[in-house]
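Subject: Structure handover

Hello,

Please find below the structure I am passing on to you. My notes follow it.

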Amino acid sequence: MTPIKFGTDGWRAVIAEDFTFANVERVAQATADFWSAFPEPGTEKKVIIGYDRRFLSNEFARCAAEVFASNGFAVVLTPDPTPTPSVSFAVKALRAIGGVMITASHNPPIFNGFKLKSSFGGSAESTTCRAVESLLDRNAVKSNTLAGNGKPGRITIKDLRPAHFAALKKLVDFELIAKSGLRFAHEALFGVGAGCFDELLKGTTCRVTTLNGNHDPFFGGINPEPVEANYARSSAFLRKHPHDICLVTDGDADRIGGMDGRGNYVSTHQLICLLLHHFIVNRKGRGRMVKALTTTSMVDKMCKAYGLEVTETCVGFKYIAAEMLKGDVLLGAEESGGIGFPGHIPERDGIAAGLMLLEMLATERSSVNKLIANLEKEFGPHRYGRIDTRFPLEKRAALMDMLRDEPPAKLLQSPVADVVTYDGVKFVAKDTSWLMLRGSGTEPILRIYAEADSDAKARRLLDLGVRLMKRALK
């Protein structure tokens, strides 16, 4: 039997290699066994299932639906590729015990995945994922769509997007956006976000240009991730056809990226800080700012200036979601572009984040670049870099031990003031620049992150990270 391990957000594998119908059935059965054994008070024996635009995603989703139905669950299955946050919203709104999203998010086209959603409308906790792993192959797969009492299982086909979109219109000042006359582009990266903003803003004064919105399981030859390397097509278009802003959503539309109206890259860190400013200054919000530890230190400086508490978490939005469930949260955000909002679901939502950025522009009546310049004038420039490189899994523990035991005395010219070790190892300098090394949850990949006050310094910190990595390989 193929070993199946959940990573930072779900189980992912190569289609037809490990991600097969048989293995999807195994995971679905284990999940059904878990939810049957541990029913959640206040929920119904119901599972919400959605899927993205990847090869055979609809068939894998149907396969999972049949397993849950055969185990006596009422199943709500989407008729079309659907954003992950629409599925998460439906889980909470319909009081389901949980949900499944068939997606590999930003991974290469050869991958697919199985994201597990808990009843609160967010990614399943690590304890739930471990419990499901422990139940794999405990029971034989039931997949004939017969419930435990011998009656056919109930699979209802339902479009989950309208209810999600209605909730989003209440989350933002939709009337302000509708009257703003904003002209913006949406780079959909061939993912399920295509058409969402067109539908939401239909009949308003806003004009939406959707780029790369066609259904292509190969994603135009890219990985559908909101990073600068994937913006070449849309950047060229925007240089010829300027807009007010370009919003970018990833393959399953739970994360946000962006460009200015002329195709220049805007980092996810800058978008997070823009939204934080908007929530503090324009929305007059208060509460804790929750961020993953790979997120820009400008967040910390902004919160210090406004007297707000910062809660830092491990990488993975499920850790941010856990903090959001405790309450008193102004915003939750991670480096990869996942942003969660109070009063919504404890889940990253790229469509919600896009609307919030439009609300910000409609409020400020200023360009994205001017707003970023104002932030940098007040809190200083922050430049970020990241390298993903292959590194043997069997040597990772030794690398982390070495980093903890022998930290560098300085990062460039600034003394190291703190060493954070609860998720990888992060060195923080006195001048707030930082360097971090962290292994992937399931792959022989080492991620090296760095931030400084210039691109050149950030690159030098990344080089230092590579040298530290190589030292552990000797």
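**Helix α13 and its surroundings**

In α9, the residues Q270, C273, L274 and H277 meet V368, L371, I372, L375 and E376 of α13; contact here means heavy atoms within 4.5 Å. Helices (H or I, at least four residues) and strands (E, at least two) are DSSP runs, numbered from the N terminus. This is a predicted model, in which local features need pLDDT of at least 70 and side-chain atom pairs count only at pLDDT 80 or more, while totals for chains, interfaces and linings use all residues. Residues are numbered from 1 along each chain as its sequence is written, and side-chain values use heavy atoms, with hydrogens and water left out.

The axes of α9 and α13 come within 10 Å and cross at roughly 80°. Axes are lines fitted to C-alpha atoms, for helices over the stretch in contact, and angles run from 0 to 180 degrees between N-to-C directions. The two helices α9 and α13 are therefore roughly perpendicular to each other (65 to 115 degrees; under 35 counts as roughly parallel, over 145 as roughly antiparallel, and the rest as oblique).

Helix α13 covers residues 368-379, twelve in number, and reaches 17 Å from its first C-alpha to its last, close to the 16 Å expected at 1.5 Å a residue. That expected span is 1.5 Å times one less than the number of residues. Its buried residues are V368, L371, I372, L375, E376 and F379, where buried means under 20% relative accessible area, exposed over 50%, and partly exposed in between (1.4 Å probe, protein chains only). Seen down the axis of α13, these buried residues fall within an arc of 135°, so they line one face of the helix; the arc is that of the directions from the helix axis to the C-beta atoms. On the other side of α13, K370, K377 and E378 are exposed. The cover over the buried residues of α13 includes β10, α9, α12 and β17. Just after α13, G380 has a positive phi of about 90°.

**Sheets**

Strand β17 also belongs to an open sheet of six strands with antiparallel pairing, in the order β17-β22-β21-β20-β19-β18. Two strands pair if DSSP finds at least two bridges between them. β17 (383-390) and β18 (410-411) stand at the edges with a single partner strand each, so one side of each is left without a neighbour in the sheet. Within this sheet, four bridges join β19 to the antiparallel β20, and V416 stands opposite A429 in β20. Helix α14 (residues 396-405) lies across β20, β21 and β22, running at about 155° to β21.

Elsewhere, strand β4 (residues 96-102) has seven of its seven residues buried. Six bridges join β4 to β2 in parallel, and five bridges pair β4 with β5 in the antiparallel sense. G99 in β4 is the bridge partner of I48 and stands opposite K117 in β5.

**Loop residues**

E334, in the loop between β15 and β16, counts as buried at 4% relative accessibility. Among the residues that E334 touches are R255, I272, F317 and R348, not counting residues up to four places away in sequence.

Most residues other than glycine have a negative phi. L56 has a positive phi near 65°, and F190 has a positive phi of about 65°. L56 counts as partly exposed at 28% relative accessibility, whereas F190, at 5%, counts as buried.

Regards
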